Amino acid sequence: MLFNSLTYLVFLLALAPLVVFGPKWLRNGVLLFGSLTFYAFWRIDFTGLVVFTAFVDWFGARRIAASTSVTVRRAWLALSVVMNLSVLCFFKYFKFAVGSGLSLAHLLGLEVQLTDGFRTFLDTIVLPLGISFYTFHSLSYVFDVYRGVVAPVPRFRDFLTYVMFWTQLVAGPILRTAQVVPQLVDYRRPSRGEVVYGLEEIVQGLFKKLVIADQLAPLIDYGYSLPAGKLGTLDVWVLAFGFGFQIYFDFSGYSQIALGSARIMGFHFPPNFNWPYLASSPREFWRRWHISLSSWIRDYLYVPLLGGGFQKRAIGGTVSAFDAELGGRPVSEFRRTAALFATWFIMGLWHGANWTFALWGLWHAGLIFGHRLIEPLSGRLPEWVRRAGGWAVTLPLVMLGWVFFRAQTVPDALQMIATAFDVTRLPTRVIRENTYLIAFVLTAGMLVAGAAARTARAARQTIPDWLRYPLQAGVTAVMVAGVFMTLRQAKSFIYFQF
Amino acid sequence: MMEVSPARHDSAYWRSYGDAWRWPAAALAAGFALGFALLVWTDARRIVPDEVGLGVETWAQPASYLGRRINAWRLEDYSTVYDIEAPASSGEVLWVGNSQLHAINQLNRKRDQVAPFHASSALGQPVYCLSLPNANVQEHLATLHWAMTRRPVRYLVLPMVFDKLRNDGLRPGFERLASPALSARLATRPQGKRLEGELADLQRAAKATGTGTNSQTPLAQLSMSAVLHEVSLQEVSERALEDGLASRWGLWQRRPLLWSTVLNDAYVFRNWLLGIKATSKRPMLPVPFENNMAAFDELLDVAAAEGIAVLVYIAPIRQDVEPPYIMAEYRPWKAAVARNIAGRQAKGGAKLAFADLDQLVPAGLWGTADDSHDIDFMHFQGKGHEILGGKVAQLLQDLGVGAPAQAGTNANAVVGR
């Protein structure tokens, strides 16, 4: 089910009161039934796959917890990991692997032909909605039980509700068991203040998605549909910034609807975005962008690759420091760098089965590595110079990285990146004229809004109520009207494809 | 026992209005009320998107000849006008173009007719006209292919409008014309193949928004498709809810018009902010220009292959005010079009004619040229339509269409804005 649809609003309106006011047995039933229904609205047949993988993980985790034998515990852990990754790889990467294999064979001078039957088989493979997200939910639980961070969830129903809870099922945030299950078991009704807050989040999220991201999409799609070689220097930068804003408003809008929906039912999940484009370093960007993913990757991939093993730390929260998880254990610079690039390569491919995503990951690895190199020098600068300069360098580099994310092919992406620094193509303008204007307005708007947000907390204390609440009502009015006019299944959220 | 999340103590987690919820709740409720007031206000001044670009003095004018409607400027009307059931003549004429062909400046409803009517009258046979606002050559190419899937076209009239070469690809709504036969025709040549891909994208987008072929599918049939996994349950529920609301609530049904009104406001605001006027020079955009000229070439190839005689003309533009074109771009382009036709004529084959009609309509037959509103460079008065229709009829006769016939046999034109 899509959040940006009438169906979802009716669904939420019908189920939320049952969750909040119903007795415990009804609440638990509604949460599970609602989550299954939510997924089935995309495909009924694939709902069984989620239930199956969740059951294997739940059962495996119980066996891990019940056993004192290291061998048995490892065997169950291995079973869970192999099962999850096999399912993920088959549905998400099998076609990609076959395609890459064929390309490699071609490069080696071998002409390999697929049979018609095999081609037909490949065409039948459908990527299950949200598989990358629910696989991570489920896997993190097994890891946490294995390392003794959480106790196994006694009831499969509670575990399945955690994995499938509709507010986080198809595009995150990627939550840990300890962030969800205690709230399911020890349910607390929302206060009126929480309900108001949640409703505001939903309206804001819908506005971001429908009125900003979806309206921006045709301009950006058109730009990226043009032959990469025809774009001018400014075109590339505008398309990079344009898509950067599109994906931000799309995904952060989704996250806000998700968090708001959970909030009005009394569930609290951590925010997934925190003004990422105001970051003054690549590392800070990843503390502000898709926070739940970056903390998951840090805890379950980067730190183990560094040799730190699984940490005795339950909650990811924000990525406080990628490297601070080793408990003082010395790590060679080579290993640290290799782990960094390997992590980001995998992180890139997690986003999509295409080499463009892998390059996007490596681009960010390069940025973090570069920042690591210059950090000792920049650290000597005054704070405001370091922050302003850092932002002025980080923002364009992060935005340019989106070119890899959005381009259709690696050659297209590389051509665009080269054009971005080709001054001879400065006079060339081929994208729609409004794209330049909108990219400028959004960048300027972000700076103004960021500055306003920075002082928002102070402003809340200083702006008198007679001004603050009418302002709030006015902004809400514009958002409600905009959402009303544009609410439809226009475009699914970009992150649904992952 | 499950470990309690440390994040429970994180303020970002538990952000809430707490006990001070009354004013935020009142602001939220007032926001919803004001939002709906805003919608009602927008509804009261909503625009008709197909007509808003015509200008304040200009009206779209339907035309009929011998009791049959002969022009359409909305894709949903194409099938009615270019009717597969209607008897086709051996000299079937199709005129494609933009709003210049269906809009009349300072319309006199009792007297004025559009150019295709005048051409039909002069030729004594219907000249069918499919003219979309701001249509580009790629759309003309797709339209010709679509027409060929319905009736044999023998003569094609193709106006070349320099300004419209800034527009690229097929507009949303073209998916209404999609069919396997059209896809098969498009797929035979490079530009058509590209347009076929765009058509498929439009179909997918329309399906997702429920405005495409699904919107005509009965709900029961759509439900059955969901059982067969051809569509999702979400599509079925969305259609049911959308249809239910639209049938009971006019404001909901008019949402697309309301949104068009807001976008038009944004467009007007942009023009005001940047000082853009109708007279502002519009530089040509390289990629749309190349795509349109490639489509033009392919259209002539298709016509040659199908034995269609083509009349290409440079569309009239008002000459009493400095036009918005950059002349250093416009003049070479006209020469290039003429050279293309001359080259093809020299090779022989299909019949081709070219005429530069950009000065055909005299200065006094356009719109008001003062500062009271934006100057209209595209649409002329009824008399101008008469001149253009007569000229095109004459050129078509030179190409071999019918014989001159008595004018004014039609009295069926419907007047409308």
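This is a predicted model: local features need pLDDT of at least 70, side-chain atom pairs count only at pLDDT 80 or more; totals for chains, interfaces and linings use all residues.
In chain B, strand β5 (residues 93–97) and strand β7 (residues 127–131) run parallel and are joined by five bridges.

Strands β5 and β7 belong to an open sheet of six strands in chain B, whose order is β4-β7-β5-β8-β9-β10 and whose pairing is parallel. Strands of a sheet pair through backbone hydrogen bonds, and this pairing may be either parallel or antiparallel. At the edges of the sheet in chain B stand β4 (71–72) and β10 (352–356), each of which has a single partner strand, so that one side of each is left without a neighbour in the sheet. Helix α13 (residues 327–347) of chain B packs on this sheet, where it touches β8 (155–160), β9 (309–314) and β10, and its direction makes about 155° with that of β10(B).

Taken as a whole, chain B contains 14 helices and ten strands, and 41% of its 417 residues count as buried.

In chain A, helix α10 (residues 233–264) has 32 residues and reaches 46 Å from its first C-alpha to its last, which is close to the 46 Å expected at 1.5 Å a residue. This helix, α10(A), is mostly covered, with 30 of its 32 residues buried, and it is followed by A:G266, whose phi is positive, near 100°.

Two other helices of chain A, α13 (residues 333–351) and α14 (residues 355–378), pack at an angle of about 145° with their axes 7 Å apart, and α13(A) passes α14(A) in a right-handed crossing. The residues that meet there include A:L340, A:F341 and A:W344 in α13(A), and A:W360, A:L362 and A:I368 in α14(A). The residues of this contact divide into 14 nonpolar and five polar, with no charged residue.

Finally, A:A451 lies in helix α17 (residues 433–454) of chain A. Is A:A451 buried or exposed? A residue counts as exposed if 12 or fewer other C-beta atoms lie within 10 Å of its own, and A:A451 is therefore exposed, having 11 such atoms within 10 Å. The C-alpha atoms of A:A451 and A:W360, which are 91 residues apart along the chain, are separated by 29 Å.

Technical notes. Residues are numbered from 1 along each chain as its sequence is written. Chains are lettered from A and ligands numbered from 1 in the order in which they are written. Axes are lines fitted to C-alpha atoms, for helices over the stretch in contact, and angles run from 0 to 180 degrees between N-to-C directions. Helices (H or I, at least four residues) and strands (E, at least two) are DSSP runs, numbered from the N terminus. A crossing is left-handed if the near helix is turned anticlockwise from the far one by less than a right angle, and right-handed if clockwise. Two residues are in contact if their C-beta atoms, placed from the backbone, lie within 7 Å. Ala, Val, Leu, Ile, Met, Phe, Trp, Tyr, Cys and Pro count as nonpolar, Asp, Glu, Lys and Arg as charged, and the others, Gly among them, as polar. Two strands pair if DSSP finds at least two bridges between them. A residue is buried if 20 or more other C-beta atoms lie within 10 Å of its own, exposed if 12 or fewer, and partly exposed in between; C-beta atoms are placed from the backbone. The expected span of a helix is 1.5 Å times one less than its number of residues.
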